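This report describes a predicted model. The sequence and the structure are shown first, and the description follows.

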Amino acid sequence: MSPKVKIAIGTSTSILLVILSYYLILSNHAVISGLNEGNRLLYAFLSTSIMILLGTLIGITWDFIDKLFSAEGLGSKGK
Amino acid sequence: MFPVDIYLAIYLLFIGFTVGILSGFFGFGGGFIITPFLFALGVPMNVAVGTSIAQILGTSIIATLRHRKLGNVDLKLGIIIAAGSIIGVEVGAQMVEYFKRISTEALNTSISLTYILVLSLISIFMSREAWKSRQSNNPPSSKITNRVQCIRVPPMISLPRSNITSISLWVILFIGFITGMLAGFMGAGGGFIRVPLLIYLIGCETVVAVGTDLLEVLFSGLYGSLSHSIKGNVDILLATIMLAGSSVGTQIGVSATKYVKGANLRLIFGFCVGLISLSIVFKLISELLEIYAFGFLSQALLVLTVVSMVLLVTILSFRGRKQG
């Protein structure tokens with residue numbers, strides 16, 4: 001498998017993970033916010049984890065996108 | 001939970017985008033933009049502050065990862081500064097309590113005056129130095145840096161990423177402490193204080209100062225987010241929507257640092273901090289003399305500063321990408 005294909009798979013997987021995470025968070029935000037009234041400690045842990053997870057996933061996705069465009073650039077130059 | 005419709009979601013995306021650009025370019029957390037905007041929407045002040053910090057945590061992770069990719073993050077320096085900062089923030093918070101016991105008015109006035117003094121000093125010094133460096137093509141003034149690096153209190157450490165062969169650990173901890181104390185007292189993240197101190201006292205390259213500062217913003221954001229969400233001050237829906245906007249803005253802001261010379265970045269930084277300081281002067285006049293036109297002027301100037309900086313950074317980023 002060429003590095004370009006590996007980067008493309010990485011990019012699409014990470015984009016998919018970001019979309020999936022956003023879907024899960026937005027569709028369950030009422031449940032998550034409900035914890036704010038019931039269990040503050042769990043809510044604190046969950047909300048902070050969500051921000052860390054999303055931040056890291058988006059950061060990694062941008063990294064992959066950047067690599068993909070660099071690889072595309074190199075590929076076209078090679079040709 | 002604050003009700004969110006499609007228009008509000010678009011507005012939040014835009015705010016996040018704006019903060020992302022400034023955060024990636026200057027190393028600011030961006031709380032000074034998000035908190036008043038959320039408050040203006042009708043979000044209670046405590047929730048506006050908590051949500052803003054949670055959003056800053058996500059944005060700083062994205063920006064730090066991107067700056068790390070460009071080699072702009074000094075991990076060792078960031079961790080030591082963060083350690084000093086934590087102690088400083090607690091001292092700053094105690095100072096707030098002290099002034100609060102005297103009177104709330106005394107507290108508000110002293111915070112505003114500290115803001116004006118610190119921001120004006122940074123703005124004048126940085127703009128002057130950057131303007132001179134820009135004309136002579138010299139690196140930032142090394143006189144102060146040399147003096148700081150001459151302090152030989154063991155243990156001495158080296159910071160290869162920042163091109164520093166030997167510096168006392170206590171000096172870095174002390175700088176972290178001072179920025180933390182000012183940030184804790186002024187109720188801000190402290191990026192606008194830390195970046196100049198990293199450049200002029202420690203001797204970091206401008207982009208490394210921005211990247212390393214963002215690492216510190218990440219640590220303080222993590223602590224602040226946990227602390228505020230335990231108190232029930234974080235609206236996770238608002239924070240995640242703004243994060244989506246800032247994820248795009250951050251890339252533009254960080255990319256722009258690649259195409260801007262260090263002296264130009266410092267000049268823009270100094271100019272931006274100067275305008276924010278002027279906006280606080282107007283706000284203080286409005287509160288002390290009860291001239292409400294100055295209050296409006298203060299808000300208009302803040303919005304104008306943010307919009308002009310966002311436009312400038314976006315243009316720099318796209319022009320640089322086109323050329324390079």
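Two residues are in contact if their C-beta atoms, placed from the backbone, lie within 7 Å.

## Contact between the chains

The contact between chain A and chain B takes 21 residues from chain A and 23 residues from chain B. On the side of chain A that touches chain B, the elements that give two or more residues are helix 2 (29–38) and helix 3 (40–78) of chain A. Helix 3 of chain A gives the most, with 16 residues. By class, this side of chain A has 11 nonpolar, eight polar and two charged residues.

## Overall form of chain B

Chain B has 12 helices and two strands. Along the sequence, these elements follow the pattern α-α-α-α-α-α-β-β-α-α-α-α-α-α. The radius of gyration of chain B is 19 Å, close to the 20 Å that the globule rule gives for 324 residues, so chain B is as compact as a globular protein of that length. The C-alpha trace of chain B spans about 55 × 55 × 40 Å along its principal axes.

Of the 324 residues in chain B, 52% are buried. Among contacts in chain B between residues at least 6 apart in sequence, 78% join residues at least 24 apart.

Helix 5 of chain B (residues 104–136) has 33 residues and reaches 48 Å from its first C-alpha to its last, close to the 48 Å expected at 1.5 Å a residue. Buried residues in helix 5 of chain B include Tyr115(B), Leu119(B), Ile122(B), Ser123(B), Met126(B), Glu129(B) and Ala130(B). Helix 7 (169–186), helix 8 (191–202) and helix 11 (262–289) of chain B are among the elements that cover the buried residues of helix 5 of chain B.

Helix 9 of chain B (residues 206–230) has 25 residues and a reach of 36 Å from first C-alpha to last, close to the 36 Å expected at 1.5 Å a residue. In helix 9 of chain B, 20 of the 25 residues are buried, so this helix is largely enclosed by the rest of the structure. Just after helix 9 of chain B, Gly232(B) takes a positive phi of about 80°.

## The hairpin

Strand 1 (residues 156–159) and strand 2 (residues 164–168) of chain B pair in the antiparallel sense over three bridges. Leu159(B) stands opposite Ile164(B) in strand 2 of chain B. The hairpin has four residues between the strands, and Asn163(B) takes a positive phi near 60°.

## Gly191(B)

Gly191(B) lies in helix 8 of chain B. Gly191(B) has 28 other C-beta atoms within 10 Å and is buried, since the cut-off for a buried residue is 20 or more. Leaving aside neighbours within four places in sequence, Gly191(B) is in contact with Phe26(B), Gly27(B), Phe28(B), Gly29(B), Asp213(B) and Val217(B). Gly191(B) and Phe37(B) are 154 residues apart in sequence and 20 Å apart in space, C-alpha to C-alpha.

Conventions: Residues are numbered from 1 along each chain as its sequence is written. Chains are lettered from A and ligands numbered from 1 in the order in which they are written. This is a predicted model: local features need pLDDT of at least 70, side-chain atom pairs count only at pLDDT 80 or more; totals for chains, interfaces and linings use all residues. Ala, Val, Leu, Ile, Met, Phe, Trp, Tyr, Cys and Pro count as nonpolar, Asp, Glu, Lys and Arg as charged, and the others, Gly among them, as polar. The expected span of a helix is 1.5 Å times one less than its number of residues. A residue is buried if 20 or more other C-beta atoms lie within 10 Å of its own, exposed if 12 or fewer, and partly exposed in between; C-beta atoms are placed from the backbone. The radius of gyration is taken over C-alpha atoms; the globule rule is 2.2 Å times the number of residues to the power 0.38. Two strands pair if DSSP finds at least two bridges between them.
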